[in-house]
Amino acid sequence: MTSGMMAPLDRFRSWVKRRVKQWKVERIVEELKLSDVQLRKVMQLLDDEMNKGLCKGTNPNAAIKMFPTYVRSIPDGTEEGNYLALDLGGTNFRVLLIRLNGSEVSMRSKIFLVPNFIMTGTAEELFDHIAECISKFMHEEGIADQKLPLGFTFSFPCKQEGLARARLSQWTKGFKVSGVEGEDIVRLLHEAIERRDDIDVECVAVINDTVGAQISCAHEDRNCQIGLILGTGSNACYMEQLDKVETWDGDERAPRQVIINTEWGAFGDNGVLDFIRTQYDQELDAKFSVNPGKQLYEKMMSGMYLGELARLYLERLVNEGLLFEGQSSDLLSTPGRFYTKYISEIESDKRDDFKNTKSVLEYDLGIENYSNADCHYVQYVCSLVSSRAAHLASCGCAVLLNRVARPSVTIAVDGSLYRFHPKFGDIMEQKVSQLVNKGLKFKIMLSHDGSGKGAALVAAVACRIRDEQKRNGLI
Ligand code: GLC
């Protein structure tokens, strides 16, 4: 045969090889694509589980706890004064000083690390560390001699017994501090502050970060009825009518509504999401997470887990000889070493320009032997993992929009995953529009510094109510 005849045959062979490879990859990752029928089933299940959480009889066994927050109204713009805020629950711990003056808000803040030994230590160590950080901050700001009210954004599931009484029901997101579950975190904080004796701070409100996002956004947009976090973890809150909240045991005065912290991360913990959970969702839960069997919805859609999920799929493709000619690297084989931020970087590449993808492969993961086709598959896996997450989050938003059932609602969203991923917001806008009940309009708005500003606004309202009650001789 002449070489002229060989070339087309070779081309054909390599085309067949590429198609077979594509088909094999597709067979492995296909399970990540959820159809609208599946997404609508997820919505129905989520709505049912939320109802169970709100009903007194079913709440004790419900997976989604739907905690009433004691935050009953959104700020009216008249809030003023100086407040401290604490923000614990993501990758960093922050102390903030916030000055409210009507619509003007200014703040100063400092980030402190929470060392690993404290995340997994004892209650006393954690709260002493927090009190120490508050003290350092107050001394640096020259306000150590002032008595300031404090709003605490504590982003873990808490059963609130009042605005300033919140019992941790269970740790999430890698925290495992002993002696806190079941305890009132405000009491633990006040005891730690008393042990030091150098500052005088009173925590007047505890809020979840979802509530912070909602309140902070509602300060500017009164249609804001939903708060959403897509960061290290995922959760949402929304304003619910009191007559739908059987578990409510606070006062019945107007407004007859309360913000519910859904704690939707725990959706699926009773097995209802097993029909979409894949072998790798199960492996991540069992081997990678510190809380197996818990927060299963969150584990399919938040920053703490998406990178690892993508890594498990990439590893499978390598093991099947479909990526990097079957050669992994030590880093890519290490659990937890493919960070969610790589997904955002990789998906930020322009079409067929693999600049970021190559940089992650080479510099972050030590893989040198890759082709353009490999880069394409790496991008493809990342995009499937993140689209599934965005679609699942869309189900949650559509369910909440249907529950709120107002013609026009703003969803306040915050969190590193949403902020830094190049397409998450667009995918969600599109999917929520398809899933939500006809006639309901919505807007997704980035919330700025909810954990600080939101906490200060709630603290301001708490102080105002307390002053009123004092004046009326009620307390
Ligand atoms: C976890 C926490 C929840 C928080 C969310 C986002 O799901 O349990 O309270 O709102 O992470 O930070």
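Me: How many of the residues of strand E11 (residues 257-261) are buried?

Reply: The model is a predicted one. Burial is read from the relative accessible area, and a residue counts as buried under 20%. In strand E11, five of its five residues are buried, and the strand is mostly covered.

Me: Which residues of E11 lie on one side, and which on the other?

Reply: In a regular strand the side chains alternate between the two faces of the sheet. In E11, Gln257, Ile259 and Asn261 are on one side, while Val258 and Ile260 are on the other. Both faces are covered, and these residues are all buried.

Me: In what order do the six strands of the open sheet stand?

Reply: The order is E1-E11-E10-E9-E12-E13, and the pairing is mixed. At the edges stand strand E1 (67-68) and strand E13 (441-446); each has a single partner strand, so one side of each is left without a neighbour in the sheet.

Me: How many bridges join E1 to E11, and how many join strand E10 to E11?

Reply: E1 and E11 run antiparallel and are joined by two bridges. Proline 68 has isoleucine 260 in E11 as its bridge partner. Strand E10 (residues 234-241) and E11 also run antiparallel, with five bridges between them. Here glutamate 240 has valine 258 of E11 as its bridge partner.

Me: Are E12 and E13 paired in the parallel or the antiparallel sense?

Reply: Strand E12 (residues 408-414) pairs with E13 in the parallel sense, over six bridges. Alanine 412 stands opposite methionine 445 in E13. Helix H14 (residues 424-435) lies across strand E9 (224-230) and E13, and runs at about 165° to E13.

Me: Is methionine 66 buried or exposed?

Reply: Methionine 66 is found in the loop between helix H2 (36-54) and E1. Its relative accessible area is 0%, and therefore methionine 66 is buried. Not counting residues up to four places away in sequence, methionine 66 touches Met50, Gly53, Leu54, Tyr238, Ile260, Asn261 and Thr262.

Me: Where does aspartate 87 lie, and what is its relative accessibility?

Reply: Aspartate 87 lies in strand E2 (residues 80-88). Its relative accessibility is 11%; because the cut-off for burial is under 20%, aspartate 87 counts as buried. Leaving aside neighbours within four places in sequence, aspartate 87 is in contact with residues including Asn92, Arg94, Thr153 and Ser451.

Me: Which domains does the domain assignment give, and how much area do they bury between them?

Reply: The size of an interface is often given as the accessible area lost when the parts come together. The domain assignment of the protein gives domain 1 (31-69 + 221-447) and domain 2 (70-207). Between them they bury about 1900 Å², 53% of it on carbon and sulfur atoms. In domain 1, Phe67, Thr69 and Arg222 lose the most area to domain 2, together 28% of what that side buries. In terms of contacts, 28 residues of domain 1 meet 22 residues of domain 2. The centres of the two domains, taken over C-alpha atoms, are separated by 27 Å.

Me: Which residues does UniProt list for the domain "Hexokinase C-terminal"?

Reply: The UniProt record, an unreviewed entry, lists residues 225-461 under that name. Over residues 225-461 the chain is 46% helix and 14% strand, and the end C-alpha atoms are 18 Å apart.

How values were computed:
Residues numbered from 1 in each chain as written. Predicted model: local features only at pLDDT ≥ 70, side-chain atom pairs only at ≥ 80, totals over all residues. Heavy atoms only, no water. Helix = DSSP H or I, 4+ residues; strand = E, 2+ residues; numbered from the N terminus. Buried < 20%, exposed > 50% of the residue type's maximum accessible area, 1.4 Å probe, protein only. Contact = heavy atoms within 4.5 Å. Pairing = 2+ DSSP bridges. Axes fitted to C-alpha atoms, helices over the stretch in contact; angles between N-to-C directions. UniProt positions renumbered as here; feature names shortened; annotations may be inferred. Domains from an automatic or database assignment. Buried area = accessible area lost by both parts, 1.4 Å probe.
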